[in-house]
Amino acid sequence: MTPSAAPESTARPRAAARPARVFAQGRFETLTLLRNGEQLLVSVVLPAMALVGLTLSPYPALGDVHRIDVTAPGVLALAVASTAFTGQAISTAFDRRYGVLRMYGVSPLGRSGLLMGKLIAVGAVLLVQVLLLGGLALALGWRPQLVGIPAALVAGVLGTTAFLGLGLLIAGTLRAEAVLALANLAWVLFLGLGLLLPVATLPTWAEPLASALPSGALGEAMRGALAHGTWSWGAMGVLLAWSAACWALAGRLFRWAP
Amino acid sequence: MAAVEITDLVRTFGQVVAVAGASWQAEAGRVTTVLGPNGAGKSTTIECLEGLQRPDGGTARVLGADPWRAGPDHRARVGVMFQDGGLPNTAKPLALLRHLAALYAAPRDVEALTRRLGIDSFAGTPLRRLSGGQRQRVGLAAALVGCPDVVFLDEPTAGLDPHARREVWELMREEAERGACVVVTTHSFEETERVADDVVVMGRGRVLATGTVDDVRNGESLEDRYFALTGDLR
């Protein structure tokens with residue numbers, strides 16, 4: 001233990017430039033997410049199984065359509081919820097519990113840099129998911145409406161914002177164990193309530209509930225865009241409302257301390 | 001101007017007064033230990049200095065700045081080691097320290113720092129698999145990686161074996177000798193007598209004694225003096 005760890009410079013220490021800090025954090029968080037086996041199961045393996053299973057089986061009845069044109073947009077919506085909501089809620093809750101958020105708060109990164117880093121990581125993982133799941137769907141015969149891609153991108157961004165806001169809201173207000181249970185339970189409920197399959201396939205009583213949740217709104221907006229090439233303004237409005245409410249509440253209630 | 005200074009600091013949590021008008025300072029180029037029983041207000045005071053809590057009264061100043069909502073360049077000049085870690089559980093020490101170094105304009109040589117602290121022997125093991133003492137060393141490296149002007153260390157040698165403890169003490173002295181202000185909260189009289197230049201004794205949110213170690217000892221052992229100062233507080 002002899003080599004010196006003396007400072008390289010006697011100048012006053014400074015923070016790296018903000019873009020460099022944010023990029024470093026985004027890279028670190030992305031690699032952490034991609035190396036997390038359980039999270040990859042939820043974000044890639046389970047959606048891929050859902051895609052193959054729902055496409056090849058005749059159930060549930062989806063009407064007179066090419067099945068994969070309905071299931072592929074739903075699986076992309078599921079990928080958004082997995083990464084932006086379940087993954088971020090759980091990882092942020094445990095980072096808070098172990099004092100990691102506090103550590104970054106006193107480092108040159110700071111709170112806003114930490115948030116920006118998370119956004120980059122969520123975006124990078126979503127890109128990987130879209131490439132893998134979209135590629136699988138194309139291989140299975142998916143023919144998306146190319147004219148609907150701008151609407152799908154807008155829906156994806158709105159859905160990511162809404163689900164990330166909801167995830168951070170529970171991560172910053174509940175105990176880590178409670179977040180773990182709730183985020184997984186909610187993922188299953190969201191999956192059934194409009195993410196994966198059209199709201200119209202649900203029992204009549206569940207339709208209004210699913211349409212008002214971010215799950216149904218994102219699922220319908222993605223299917224509208226990629227199966228029919230249409231803009232689902234109502235569903236996008238629902239996502240916008242969830243985003244505004246969750247981010248406003250998270251801004252007031254989020255606790256950084258363990 | 002002292003590198004670290006609190007004046008009449010007050011911090012309350014509902015009915016509980018954690019810090020009740022405390023004043024002390026710590027100088028650059030010196031190691032200052034903060035002693036006191038649990039509940040003395042040490043951690044609350046340090047958190048005010050780290051910008052994690054906002055004082056209800058009085059002032060906290062670090063390098064002349066108010067730490068509450070201080071900017072990134074101020075935070076780059078202040079290194080913090082938390083007692084309970086504060087490091088991501090799944091990360092590996094070397095990768096984490098390289099990442100933290102990237103947040104600074106002119107960080108230390110991470111490899112040299114990890115060798116110095118003996119982290120190189122477990123550099124690729126996830127933090128959750130490390131012993132408490134190994135995690136302490138990573139936490140210390142995280143506090144020092146930016147080559148800070150002020151370092152806050154919370155019980156840096158708790159749980160370390162004698163060799164590692166001696167190494168950490170030497171490092172604390174070196175930090176002070178290169179000009180840093182080193183502030184250490186501890187329960188160890190030995191640590192204070194071996195490493196500290198100055199000492200602050202706190203109890204029930206107040207300062208019971210402050211000065212050089214010899215001043216505070218006043219001819220007695222530090223331990224006897226500490227119990228005389230804090231004896232009726234438990």
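**Pockets, cavities and rings**

The second largest pocket holds about 650 Å³ of space. Keep in mind throughout that this is a predicted model. That pocket has 25 lining residues, and those nearest its centre are Val130(A), Ala152(A), Leu153(A), Gly156(A) and Met222(A). Four helices of chain A give two or more residues each to this lining: α3, α5 (110-139), α6 and α9 (214-228). Which of them gives the largest share? That is α5(A), with nine residues. By class, the lining has 19 nonpolar and six polar residues, and no charged ones.

Now the largest pocket. Its volume is about 1,100 Å³. There are 37 residues in the lining, and the closest to the centre come from two chains: Thr32(A), Leu33(A) and Asn36(A), along with Thr90(B) and Ala91(B). The elements that supply two or more residues are α1 (18-34), α2, α3, α4 and α7 of chain A, and α3 (93-101) of chain B. The largest share, eight residues, is from α1(A). In the lining of the largest pocket, 17 residues are nonpolar, eleven are polar and nine are charged.

The largest cavity has about 130 Å³ of space. Its lining numbers 13 residues, with Met103(A), Ser107(A), Val80(B), Tyr104(B) and Ala142(B) closest to the centre. Two or more lining residues come from each of α4 (100-106) of chain A and β5 (78-81) and α5 (132-144) of chain B. Of these, β5(B) has the largest share, at three residues. The class count for the largest cavity is ten nonpolar, two polar and one charged.

The second largest cavity has about 40 Å³ of space. The residues that line it are Leu33(A), Gln39(A), Leu40(A), Ser43(A), Thr83(A), Gly87(A) and Val125(A).

On to the rings. The whole structure has nine aromatic pairs over all chains. One of them joins Phe163(A) and Phe190(A) edge-to-face, at 5.3 Å centre to centre with 75° between the planes. Phe163(A) sits in helix α6 (residues 149-171) and Phe190(A) in helix α7 (residues 176-195), both of chain A, so this pair ties together parts that are 27 residues apart in sequence.

Another edge-to-face pair is made by Tyr226(B) and Phe227(B), at 5.5 Å centre to centre and 80° between the planes. Tyr226(B) is buried, with 9% relative accessibility, whereas Phe227(B) is partly exposed, at 46%.

Back in chain A, Phe163(A) and Phe190(A) belong with Phe85(A) to one aromatic cluster.

Last, two charges over rings. Arg97(A) lies over the face of Tyr98(A), 5.8 Å from the ring centre. Arg102(A) lies over the face of a ring in the other chain, Phe82(B), at 4.0 Å from the ring centre.

Conventions
Residues are numbered from 1 along each chain as its sequence is written. Chains are lettered from A and ligands numbered from 1 in the order in which they are written. This is a predicted model: local features need pLDDT of at least 70, side-chain atom pairs count only at pLDDT 80 or more; totals for chains, interfaces and linings use all residues. Side-chain values use heavy atoms; hydrogens and water are left out. On a 1 Å grid over the protein atoms alone, a cavity is a set of points where a 1.4 Å probe fits but cannot get out, and a pocket is an open set with protein on both sides within 12 Å along at least five of seven lines; lining residues have an atom within 4 Å of a point. Grid points are joined across faces, edges and corners, and a volume is the space filled by probe spheres set on the points. Ala, Val, Leu, Ile, Met, Phe, Trp, Tyr, Cys and Pro count as nonpolar, Asp, Glu, Lys and Arg as charged, and the others, Gly among them, as polar. Rings of Phe, Tyr and Trp (its six-membered ring) pair if their centres lie within 6.5 Å; planes under 30 degrees apart count as stacked, over 60 as edge-to-face and the rest as tilted. Buried means under 20% relative accessible area, exposed over 50%, partly exposed in between (1.4 Å probe, protein chains only). A charge sits over a ring if NZ of Lys or CZ of Arg is within 6 Å of the ring centre and within 35 degrees of the ring normal.
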